[in-house]
Amino acid sequence: MSNIDEIQIEAENPSNEIAAPVAPVKRMRKANKIQDTRGDKVLEGITTAILVFLLIIVAYPVIYVCSASISSAGALTSGRVVLWPVEPTLSAYKVVLSMDDVLLGYKNTLFYTVVGTIFQMFMQIICAYPISKRNFQGRSVYTKVIVVTMLVSAGMIPMYLVKQSLGLIDNVWAVLVSGLIGSSNVFILRTNFRNSIPGELFDAAAIDGANEFQCLVKIALPLSKATLSVITLYAIVGHWNSYMTAMIYLPARQDLWPLQLFLRNLLISSSNIGASAQEGGGNANASNVAEATEQLRYALIVISTVPILAVYGVVQKYFKTGVMVGSVKG
Amino acid sequence: MKRIIALLLCVVSVMSLFAACGGKAEKTSNKGSDGPVTLTIGIPKSSMVSDYYNNYYTQWLEEKTGYKLEFQFFATGAQDYKTQLSTMIAGNRTLPDILLGFDLGTDLYERYGRDGVFVDLAPYFNDEEASAIWWERFRLTDEYSQENNWRRMQAADGSGAIYAFPELQDSMIDIMDYQVWINQAWLDKLGLPMPTNPDELYDVLVAFKTKDPNGNGLPDEIPLTGTSGALSGQTMSWLINMFIYWDRNIHFNVDESGKLYSPYRADEYREALKYVRKLIKEGLLASQVLTSSSANEMKQLVTPAEGGAQLAGVVCGHLTLCFVQDDPGILNYEALPMWGNCIFHENTHNFTTFVTRDCQNVDAAWNLLMTMTTEESAVIQRYGKQGTPEEGGTWTWAPEGTESIMSTAEKPHSAQIRLYKDTWSTIGNDNWRNVEATILLNAEGEGNQAVPEEETEVRQHKYDLFNQALANYNKQIAEHNPKDELICPLLVWSAEYKEEGKAAADDCKTIVSRYRTDFCLGTKDINDDKAWSEYLAELDAKGFDMWLFYSQATYDETMAAKNG
Amino acid sequence: MNANGMTLNQPVKLTRNQKFWLRVRRNWILHLMMALPMFYYVLFEALPLYGLQIAFRDYSAADGIFDSAWIGLKHYIEFFSDWEWKNIVSNTVAISFYQICAGFPIPIILALVIHINQKKFLKKLTQNVAYIPHFISVIVMVGMLNQIFHPQFGVLAAIYHELGIYTVPDIRYMDTTFRHLYVWSGVWQNMGWSTIIYVAALTGVSHELHEAAKIDGASRWKRVLSVDLPAIMPTISIMLIMRFGSIMSVGYEKVYLMQKSTNIEVSEVISTYVYKVGIAGGRQSFGTAIGLLNSAINSAMVILVNKIAGWLTDGEAGLF
């Protein structure tokens, strides 16, 4: 690992010093050095400007949402909140955190995210490792199966019917099993195992008498930390934000609904016009169903997004060492 | 350290796995033999209800019927619960006994009815004894809508089946297609008289925009604002009806000789669109008019920011939706006199309650629905717990002869209810925040409540505004609207006609609405004759003749049945 | 000794069958590893394909899959005779291509920018902040769009007000702006995320190559063009192929939330249509039929692009 760190440090601080004893070359080098510096300076300026611009356009809406969630309701409805909070108040948070549904949703989402991610990573790893071995006999067959299933997807209703016949409806397994293996993730992992880990390492291990399991656990996984953390983060975010599977497969089990589903119910209730209003014949959702307030919404938004950001903050340090997907070997 | 964390995670997840797998939902039996009858109600979960079980209305119902009520919650958004329902039906899952508050649309629920998913309730409606409560209430609703509603309840295939249990809310205020308020303070400041026709309105709007009536030195006034579909906020309907009679649900008018014609092809309609385009182009009409249907958006525009100035000049929308409760800003507004046609809509009549095929005891379900239809139930659904504030309630019956806020010297009204607090938009467990499967009469509506003991100037003004608006409306209907013979009633096509002509009708309606949007926004030029004839040609291409033909046929039949 | 434990004095001919099982035995652990995933694939990817046939039937839950009437291509005929179908398909294709053209190069450029830039603090900050929008769920995203571009109270309006203009167009719902809003908000949300992979690939580029280029006198910019870019080509092509694989899947959720009567002509895509008419509208087999069409087009695209990528890079790149 330290090798890679060193290389990175060097890469970030290229030294322009090159030892050469010949005088004419020195003069030429000096000329090159001047050109480099100017060109490089311009490039540096441009890239810095781009990055600053990026920071602004990304940070602004995020700050806005946070500010809106702690601004007073009055300030929000009259649009006075521009960047910073106006009339700070935690009342929205108090209401939101006292809603039973929110706490229940949190618990469920945590469960789905943790368990779902573990299952997903496990399955994807044991799926990717064998097909990354070039001399694995069934490699092409298995790969073809994965590819075919990736291309053709049956759709919501047939999938529902299958799960139904397995008795998974209204059962937490229906959600855990959905999207259990992401085929594209499998390919990313496979490429990583195949291209970024020297085959010699495996050969050496085989000579020492290690079986494939040990190769996987002791060699492949530790060397793939970066890719693994990326894929894991993909999985975590996917599970955290999902609501559709729970909505369809757990209709009667409200005690298993994730946070995002409650959030959706709250946010969408007032912006959704029912069928009869579209037909022009009624205002079903206007006068006979009550609406939620703006204030609550922003608070709920913050509450449902902040934890996942925290997780990301913890996991992201593994990215430093770099993901080697199809990189050229020296 | 990492290993400990990993181990902990594994333990936690395995434990919760077992916990989650444990409880499977079981459908409780509702055979009356062992214990009380249990009914399962499927309902889109409202975030405004803190607890459905420990709930005043639930307990009231259980007490009155002796049944036990269980809830199965669905997602709140219309598309969401429709999806959930659709997948459940596709998978042959057990549905709850009663579906409450599912806005599926007539076509969809009638299809489900024909497929046997929903129970045909016609035998119950036709059984005098079983449906006595409902009929009694129904006959108290306004007569003009009784006929329409009864017809709409029937299945379109003419089989006489009734698949949906209706919810009818009569309220003179709510069924006004548009309520329009004008900022009198601004009129006074600029020394302008109340406008009485489109041109005068235009001048007033221009003055609002250019002469800075809110006095803050910025041209930030929004002269005219409205929505595209919020309650009593059908701004386009208001504007177009200044020029020609147009009922947005009927699509046709009748001429002297009894033949239907379409207002969408008339020159007056074109004039109306020109007027709207002019307003939008000159920044006098906020563009939300075509896209927004949310009450929150309206409130944003109308309520002045703290220490800020008022922004809205003329507002089209329901009073309670446009103004934040008890906002003194409302004192600046008066009702705009109407000079165009005025339309009432039975827009509070919804067919969103169904009894499903999986209900074991349809008699019990019917009994529950009858209980929900009673007067007391209807009022509880709307206002919450009965009782004085000391008793923890929000409303009581008003004694005979109590003056209502709608009362004027010429037309005294007697109130039925005394309201203490409006809990509709707050989170609570007093009712389901959903008026469903019931009939709420005009007399029981908020507009007819008893004059409160403590009156604020703001509230008094609010009632005055309602009265003004209603009076203006009725005046127009009496004096300006076309005669009854020239107004086309609601046409309910037979299944046969639908088969032949519905596609054409739907296509034409889509064309009409798209072109209207384009003309108003300026994407297509309303002043360009070529664009106009293109529009007419497109209508013809999509089968306008068929639409007209079947509508005419239905109209003739309806008239014959009426007179014959 | 050969694998059968027999000495080489006697050449033994193994039957093909025996060879096969020999190899299986040798690799039994790997096969065991594949067992669970394959079980999953069969059960949850292959089996639903069986139920796909309801696309050709008039599915009714009461009759079940096999007893529902067989109607062949009737659903497709219905779809293609709806005058809207051209609009729907062209919207889907246009938005997809726009998304790819706008959204694909940007993370690459961004990764290069981060890689080139020398200011450590800025790089770290940007990398950590740019990923945040990805975590925002779609409802929140659309809500933010609505608020930011609000014609009276939004940020855009505030800018207009500063310039003295008080008649602000409502760009949120115009048909001319829909595609731009949709695509660029998507770019904003996802660019930081995709950048991870490219930045990581760039840091993995062999240092020797950079040294060699420096010795040859290449400027930083030239080094980017000649060393960095080719090095991450395989990554780029895999990502591109995967993008193409979902070309016809303009996700319905965001579109549905952004749809209004004013922009529906340009915003109705296949997925919203399938969802509204098919699933939510209770016409399950119709929805499945059109969904299948969508899926088929996606597959064709993936296979096509994969072949092209393989052909362009001489078999180096390519998903399969």
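Buried means under 20% relative accessible area, exposed over 50%, and partly exposed in between (1.4 Å probe, protein chains only). This is a predicted model, in which local features need pLDDT of at least 70, side-chain atom pairs count only at pLDDT 80 or more, and totals for chains, interfaces and linings use all residues. Residues are numbered from 1 along each chain as its sequence is written, chains are lettered from A and ligands numbered from 1 in the order in which they are written, and side-chain values use heavy atoms, with hydrogens and water left out.

**Exercise 1. Decide how far helix α15 of chain C is enclosed, and list its buried residues.**

Step 1. Helices (H or I, at least four residues) and strands (E, at least two) are DSSP runs, numbered from the N terminus. Helix α15 of chain C covers residues 270–279.

Step 2. Count. Eight of its ten residues are buried, so α15(C) is largely enclosed by the rest of the structure.

Step 3. Name them. They are C:Ile270, C:Ser271, C:Thr272, C:Tyr273, C:Val274, C:Tyr275, C:Gly278 and C:Ile279.

**Exercise 2. Describe strand β4 of chain B: its burial, its two faces and its partner.**

Step 1. Burial. Strand β4(B) spans residues 165–169. Five of the five residues are buried, so the strand is largely enclosed by the rest of the structure.

Step 2. Faces. B:Phe165, B:Glu167 and B:Gln169 point one way. B:Pro166 and B:Leu168 point the other way.

Step 3. Partner. Two strands pair if DSSP finds at least two bridges between them. Two bridges join β4(B) to β14(B), residues 439–440, and the strands run parallel. B:Gln169 stands opposite B:Leu440 of β14(B).

**Exercise 3. Examine the salt bridges, starting with B:Arg137.**

Step 1. Apply the criterion. A salt bridge is a side-chain nitrogen of Lys or Arg within 4 Å of a carboxyl oxygen of Asp or Glu. The search over all chains finds 20 salt bridges.

Step 2. Take B:Arg137 and B:Glu444. Their closest N and O atoms are 3.0 Å apart. B:Arg137 lies in helix α6 of chain B (residues 132–138) and B:Glu444 in the loop between β14 and α17 (457–479) of chain B, so the pair ties together parts that are 307 residues apart in sequence. Both residues are buried.

Step 3. Take B:Lys524 and B:Asp518. Their N to O distance is 3.2 Å. B:Lys524 is partly exposed at 24% relative accessibility, whereas B:Asp518 is buried at 7%.

Step 4. Take C:Arg172 and C:Asp170. This salt bridge has an N to O distance of 2.8 Å. Both partners are buried.

Step 5. Look for shared partners. Salt bridges join B:Asp107, B:Lys498, B:Lys502 and B:Asp506 into one network.

**Exercise 4. Locate the negative surface patch on chain B and state which helix gives its largest share.**

Step 1. Apply the patch rule. Patches are made of residues with over 30% relative accessible area and no salt bridge; like charges are joined within 9 Å, nonpolar side chains (Val, Leu, Ile, Met, Phe, Trp, Tyr) within 5 Å. Lys and Arg count as positive and Asp and Glu as negative; His and the chain ends are not counted. The place of a charge is NZ of Lys, CZ of Arg, CG of Asp or CD of Glu. Accessible areas come from the Shrake-Rupley method with a 1.4 Å probe; for residues, only the protein chains shown count as cover.

Step 2. Name the members. They are B:Glu496, B:Glu499, B:Glu500, B:Asp556 and B:Glu557.

Step 3. Assign elements. α18 (495–521) and α20 (544–563) of chain B each give two or more residues. The largest share, three residues, comes from α18(B).

Step 4. Check one member. B:Glu499 is in α18(B) and is exposed, at 68% relative accessible area.
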